[in-house]
Amino acid sequence: MDNQTKGALAEALVISAFVGKGCQVFLPVLTAPKYDLIADLDGTLLKIQVKYCSKDKLDARGGRHFKWYSPHKFDYFAVVQPKLRAPGHHIYLIPAQNVCSKFSLTTERKLAYLIFDQIERIRAK
């Protein structure tokens, strides 16, 4: 699967996850923004940067592309990763302020960022 297809798949899965939790999702008309979509959680608008990660570890540089991200350009990273031993994907929602040059999404940290749990935490605020 090429990178453009992986990106489109990741965005579709993240949109599906938000819609499945009763959120509205908006896509930018232009590709220039530093985020891929906006999710409306009960009136709270969240700018989301979506990434597909086929490795077991994702770092703040955006994987192999070594692209640096500023946490002021979006609110959350949504990271889509294929399951290793089963069909389907894991989706993680990581607050942008947690992302810095030393951040990595390792196996130990993944459970804290599962998208459905994160959506409920944001709603509870």
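Which strands does α3 lie across, and at about what angle does it run to β6?

Guide: Happy to! This is a predicted model, in which local features need pLDDT of at least 70 and side-chain atom pairs count only at pLDDT 80 or more, while totals for chains, interfaces and linings use all residues. Residues are numbered from 1 along each chain as its sequence is written, and side-chain values use heavy atoms, with hydrogens and water left out.

Helix α3 lies across β2, β3, β5 and β6, and runs at about 35° to β6. Helices (H or I, at least four residues) and strands (E, at least two) are DSSP runs numbered from the N terminus; angles run from 0 to 180 degrees between N-to-C directions, along lines fitted to C-alpha atoms, for helices over the stretch in contact.

Within α3, look for Q118. Q118 is buried (under 20% relative accessible area, with over 50% exposed and partly exposed in between, 1.4 Å probe, protein chains only), at a relative accessible area of 7%. Beyond its neighbours within four places in sequence, Q118 is in contact (heavy atoms within 4.5 Å) with Y76, L93, P95, A112 and Y113.

Now for the sheet itself. It is open, with 5 strands in the order β1-β2-β3-β5-β6 and mixed pairing; two strands pair if DSSP finds at least two bridges between them. β1 (24-26) and β6 are the edge strands, each with a single partner, so one side of each has no neighbour in the sheet. β6 pairs with β5 in the antiparallel sense over 7 bridges, and I94 in β6 is the bridge partner of F77. Helix α1 packs on the sheet too, touching β1, β2, β3, β5 and β6, and its direction makes about 145° with that of β3.

Over residues 60-66 pLDDT stays under 50. Where pLDDT is low, the predicted coordinates should not be read in detail.

Methods: pLDDT = per-residue confidence, 0-100.
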